Amino acid sequence: MMLLAVSTGIASCSPQAEEAPRPNIIFIMSDDHAWQAVSAYNERLQYVAPTPNIDRIAQDGMRFDRCLVTNSICGPSRATILTGKYSHLNGFPANVGQSGHFDGSQQTFPKLLRDAGYETAMIGKWHLGSDPTGFDHWDILPGQGHYYNPTFINAEGTYDVHGYVSDIITDKTLEWLDDRGDNAEPFMVMMHHKAPHREWEPGPKYLNRFQGVEFPEPFNLFDDYSGMGAAAREQDMSIEVTMRIPEDLKMWPPDASGGVYNRTIGRMDQQQRKLWDMTYEPIREEFERLNLQGEDLVRWKYQRYMYDYLATIQSIDESVGRILQYLEETGMDENTIVIYTSDQGFYLGEHGWFDKRFMYEESYRTPLVVKWPGHIEPGSVNKDIVSNLDFAQTFLDVAGAPDPVDMQGRSMLPLLKRESVGDWRTAHYYHYYEYPSVHSVKRHYGIATDRYKLMHFYYDIDEWEMYDLETDPHEMQNVYNDPSYASVRDDLHIRLDELREKYGETEEDSFRMRPVN
Ligand code: SGN
Ligand code: CA
C-alpha cells in the first residue's frame, strides 16, 4: 500500500523515515485548449498536428474522457479550480467588471497545501483580476497577457520579457524548480499557459509548421441550427460572421497600426516580425487574389484558424516535453504527479463556431491527463464524470492534507488508483452567467449525465434544450419536446433540481450572479 505522510500543519510535515515522501504536484493548464486538439483524444490529429508530449502523460498515466467544467470560461473556471466551489459561492461568475475580481482572502487549495507544508508557485496566466494569494512565489501575465515579448507581474512589480510567451512561462517554471535546489519540502507549481487563446499567434519556431497541411473540417461546419434553440442561432461566435480577417487571421495590410494590431503583432521586434511576415505575407497576397465569398470564404477562414490555433499548441506540447524531460533528468519524475488540462474546451468549427461558453460538449468538456509513476497504471482510461470542481480536493488528497468540509467536489484519487468507487457522481451541474457580453452566449444552467443533457436558457428567452448524446453525439437535435423522451426529461428535471439544491443554488442566484460592471 502506498503511504502518504498525513500532515496536520507545517510543524508536523516532515515525513517519517519509513513513509514515502509526499509527492510534488505539477499542474499544467493551458487556455482554451480543445480536447479535440489533443492527439491522445483525437486520432485524426495524429496525422496532422500531433501532441506527443501531452499524449505521453496519457500513455504513462490516465486519460479522463469526461472531465466537465462548472462554467466554461476563463476566470470562472480558474476560481472554481482554486476554491473547489461553484461560481455562486466563490464569487467569480464572469470575466467582466467587478464579477471578474477574485476575492483572494477566501480559502483556496494552494493556501491549504501551503499550510500542510508544501512550497507553492503560480507562473503564467492567472486572469483573476486580483493578485495571487497562497503562493510562495508568483509571476503572472496581466489579464490576458501577450504572446510576443510579454509583460509579467510579480510581487516586486511589472516588467517585460523578450521572447515567446509559452517558452518564457516554461523557462520561468524550470528556473523556479532549479532554484529550489535540495529543498526538502514537496512543491506544487501551477504552470498556466496563455496559448492557445485567441488571437492564436504562433511562436517563431512553429510559424511554418503547417504549411501545405489541409485540416479536416467538422461535418457541422455549416450548421443552420434548425435542430437547436434560439441561443445557438443568436450567438456571436461564428467563423463566418464573428471571426475577424485581419485581427484573428493575421491578414494585416503592410501599413497596419493601432488597436488589436498594437497589442498583438505590433509588440514584435524586427527579427520576430520578419519571420512572421515571411509566413503570412504570401498567404495574404493569395487571399487578396482569390477574392473568396460565401462558403468558400468560411472554409478558407477555418483552415487559417486551424493553422494558427494548432501551431500555438505545438509550443505548449514542447513546453510539456521540456518539463517531463527535466523531471526525468533530475529523477524527480518518480515522486511527482503531473496534470495537464485546459480551463475549458473550445469549438474548432463545430456548429460553425470558435470560442466556448455553451454547455455543448466541445466547450463543456476539457482535456485531462495525469501521470504519477507507481500510483497510476500507464495507459489507463477513465470514463467517469469528473470535473474541474474536483481538482482542489484531489490535490489535497494526493498531498495527504485534510478535505475541507465546504468544498463541493470530490477527490479523484480513488479513480486515479482504479479503486472501485460505487457512488461516484452520475450527473454534473453547469451554470454559465456572462450575458450580455462578448460572443452573446445566453445565460444557461443544466445537467449532464453519461447519455443526456438538459439545459435551461433561462435569461431573456426561457427555453429548454435536451440532447441524447448516444443517438446524437454532436448535439444537433433538441429532443426536449419529443414525446418519446418525456419520461427521461421528467427525470432529468428532478435530478437538476436536486443538484441545484445540493450545491446551494437558487433561482434568485441565477439572476443575481450576472456580469456586474
Ligand atoms: C477576449 C476574446 C474573446 C474571448 C474572451 C474570454 N476576444 O475577449 O474571444 O471569449 O477574451 O476568453 S479577443 O479579441 O481579445 O481575443 S477567456 O479565455 O479569457 O475566458
Ligand atoms: Ca479560457
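Q: Which residues of H13 are the buried ones, and how is the word "buried" to be read?
A: The buried residues of H13 are Phe391, Ala392, Gln393, Thr394, Phe395, Leu396 and Val398, where buried means under 20% relative accessible area, exposed over 50% and partly exposed in between (1.4 Å probe, protein chains only). This is a predicted model, in which local features need pLDDT of at least 70 and side-chain atom pairs count only at pLDDT 80 or more, while totals for chains, interfaces and linings use all residues. Residues are numbered from 1 along each chain as its sequence is written, chains are lettered from A and ligands numbered from 1 in the order in which they are written, and side-chain values use heavy atoms, with hydrogens and water left out. Helix H13 (391-398) is mostly covered, since seven of its eight residues are buried, and just after this helix glycine 400 takes a positive phi of about 75°.

Q: How many helices and strands does the chain have, and how is its overall form described?
A: Helices (H or I, at least four residues) and strands (E, at least two) are DSSP runs, numbered from the N terminus, and the chain has 16 helices and 15 strands. Its radius of gyration is 22 Å, close to the 24 Å that the globule rule gives for 517 residues, so the chain is as compact as a globular protein of that length; the radius is taken over C-alpha atoms, and the rule is 2.2 Å times the number of residues to the power 0.38. Along its principal axes the C-alpha trace spans about 70 × 65 × 45 Å, and of the 517 residues 62% count as buried.

Q: Which residues line the largest cavity?
A: On a 1 Å grid over the protein atoms alone, a cavity is a set of points where a 1.4 Å probe fits but cannot get out, a pocket is an open set with protein on both sides within 12 Å along at least five of seven lines, and lining residues have an atom within 4 Å of a point. Points are joined across faces, edges and corners, and a volume is the space filled by probe spheres set on them. The count comes to four cavities of 30 Å³ or more, and the largest of them, with a volume of about 70 Å³, is lined by Ile337, Ile339, Leu368, Val370, Phe391, Thr394, Phe395, Val398, Met412 and Leu416. H13 gives the most to this lining, with four residues, and the lining divides into nine nonpolar, one polar and no charged residues; Ala, Val, Leu, Ile, Met, Phe, Trp, Tyr, Cys and Pro count as nonpolar, Asp, Glu, Lys and Arg as charged, and the others, Gly among them, as polar.

Q: Which element gives the most to the lining of the second largest cavity?
A: Helix H3 (74-83) gives the most, with three residues. About 60 Å³ of space lies in this second largest cavity, whose lining divides into seven nonpolar, one polar and two charged residues.

Q: Which residues lie closest to the centre of the largest pocket?
A: The largest pocket holds about 810 Å³ of space, and of the 35 residues that line it, the closest to its centre are Trp35, Gln36, Glu361, Arg365 and His474. Its lining has 16 nonpolar, five polar and 14 charged residues. The second largest pocket has a volume of about 430 Å³, and Gln144, His197, Arg198, Arg263 and Lys356 lie nearest its centre among 25 lining residues.

Q: Where does the chain have cis peptide bonds or a positive phi in a residue other than glycine?
A: Most residues other than glycine have a negative phi, and most peptide bonds are trans. Here a cis peptide bond joins arginine 198 and glutamate 199, with omega about 10°, and glutamate 199 is found in the loop between S7 and helix H7 (230-234). The peptide bond from tyrosine 435 to proline 436 is also cis, with omega near 0°, and proline 436 lies in the loop between strand S12 (427-432) and strand S13 (444-449). Histidine 127 has a positive phi near 55° and is buried, with a relative accessible area of 14%, whereas arginine 418, with a positive phi of about 55°, is partly exposed at 47%.
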